[in-house]
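Here's a quick tour to read with the model open on your screen. We'll start with a helix, move to the ligand, and finish with a sheet.

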Amino acid sequence: MNAFSSRDAILTVEDLTKDFGKFRAVDGVDFTVLRSDVMAMIGPNGAGKTTCFNLITGQLKPSAGRVVLRDRDITGRPPHQICHLGIGRTFQTPALFGSMTVVENVQMAMISAEGRLKAMSPRAAKLYREDALALLDEVRVTDKADLPCARLAYGDLRRAELAVALAHGPKLLLMDEPADGIPAPERAAFMEICLELALRGGAAVLFSERDLDMVFHFAGRVVVLDHGQVVAEGSPLEVRDDERVRAAYLGADFSHLQVTDHAARI
Ligand SMILES: Nc1ncnc2c1ncn2[C@@H]1O[C@H](COP(=O)(O)OP(=O)(O)OP(=O)(O)O)[C@@H](O)[C@H]1O
Ligand SMILES: [Mg+2]
């Protein structure tokens, strides 16, 4: 029985399962992302986080289970449809068109959000350029706007990818290890930008992150996977003190981790 009213849910995942041959990578996963949630998905390497994200955003088709966006069943739909219906996504390894410039990547995302087939027309070069530049300013890569993505440093690629993910005004933003590859001193600031832009645009956030200090600082709720199964879901404090979570992390002691109260932000 789901503890939340379906009116509060932006994403409901029910019994989500993925088999790769005989190996079950995701095994009956249930969780709910609420409106305005900043929810972290954590778990040891190979727990199934990226596979879960790929099942939600259509890169993979589930073997069983359901993915519901608000009240619409989106299970097994292709990625472009899911994007159109309101889920933005960044990848564990950034995925952009390397030969196109940064601003063109964002423009392309804006154009396709409008459902236009004009992307290849001569006018496309101008379409949404100002809007795209404004968004790039928010993620602090304006100075790289006219460079091909293939020439960006990793941290800038992450920022550009965030702009692309936000370009169509998603209702839910999924970020798979968003700060991975960003130098340690800049990681928290980048995460602040991600969350501020998403929440300001009215999007809930689901992110995975291996740095637990970041998780407990930024997440309002946490879902924990181990061997493809949910072993805990709750507030950072509940999860931090949960025996099953410690067991999943080989008995690690999390009591030193600072938990930030997010009630004020929402
Ligand atoms: N296409 C695939 N074919 C076969 N096995 C796969 C495939 N994709 C993932 N797996 C396996 O599924 C399991 C879950 O992988 P997944 O990448 O989802 O884990 P993760 O929690 O994202 O790990 P990490 O923290 O390292 O990013 C792993 O054992 C992985 O080897
Ligand atoms: Mg992963």
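Which residues in α1 are buried? In this predicted model, the buried ones are K49, T50, T51, C52, F53, N54, L55 and I56. That makes α1, which spans residues 49-56, a mostly covered helix, with eight of its eight residues buried.

**Helix α1 and what follows**
- Just past the end of α1, look for G58, which takes a positive phi of about 90 degrees.

**Around ligand 1**
- The shell around ligand 1 is made up of F20, F23, A25, G43, N45, G46, A47, G48, K49, T50, T51 and Q92.
- Helix α1 turns up again here: with three residues, α1 gives the most to this shell.

**The six-stranded sheet**
- Six strands line up as β6-β7-β8-β3-β9-β10 in an open sheet with mixed pairing.
- At the edges sit β6 (87-90) and β10 (229-234), each pairing on one side only.
- From one strand to the next, the twist averages 15 degrees.
- Within the sheet, β7 (residues 172-176) and β8 (residues 204-208) run parallel and pair over five bridges.
- If you want a spot to check, L174 has L206 in β8 as its bridge partner.
- Helix α5 (residues 154-166) packs on the sheet and touches β6 and β7; the direction of α5 makes about 170 degrees with that of β6.

Definitions and conventions: Residues are numbered from 1 along each chain as its sequence is written. Chains are lettered from A and ligands numbered from 1 in the order in which they are written. This is a predicted model: local features need pLDDT of at least 70, side-chain atom pairs count only at pLDDT 80 or more; totals for chains, interfaces and linings use all residues. A residue is buried if 20 or more other C-beta atoms lie within 10 Å of its own, exposed if 12 or fewer, and partly exposed in between; C-beta atoms are placed from the backbone. Helices (H or I, at least four residues) and strands (E, at least two) are DSSP runs, numbered from the N terminus. A residue is near a molecule or strand if its C-beta atom, placed from the backbone, lies within 6 Å of it. Two strands pair if DSSP finds at least two bridges between them. Axes are lines fitted to C-alpha atoms, for helices over the stretch in contact, and angles run from 0 to 180 degrees between N-to-C directions. Two residues are in contact if their C-beta atoms, placed from the backbone, lie within 7 Å.
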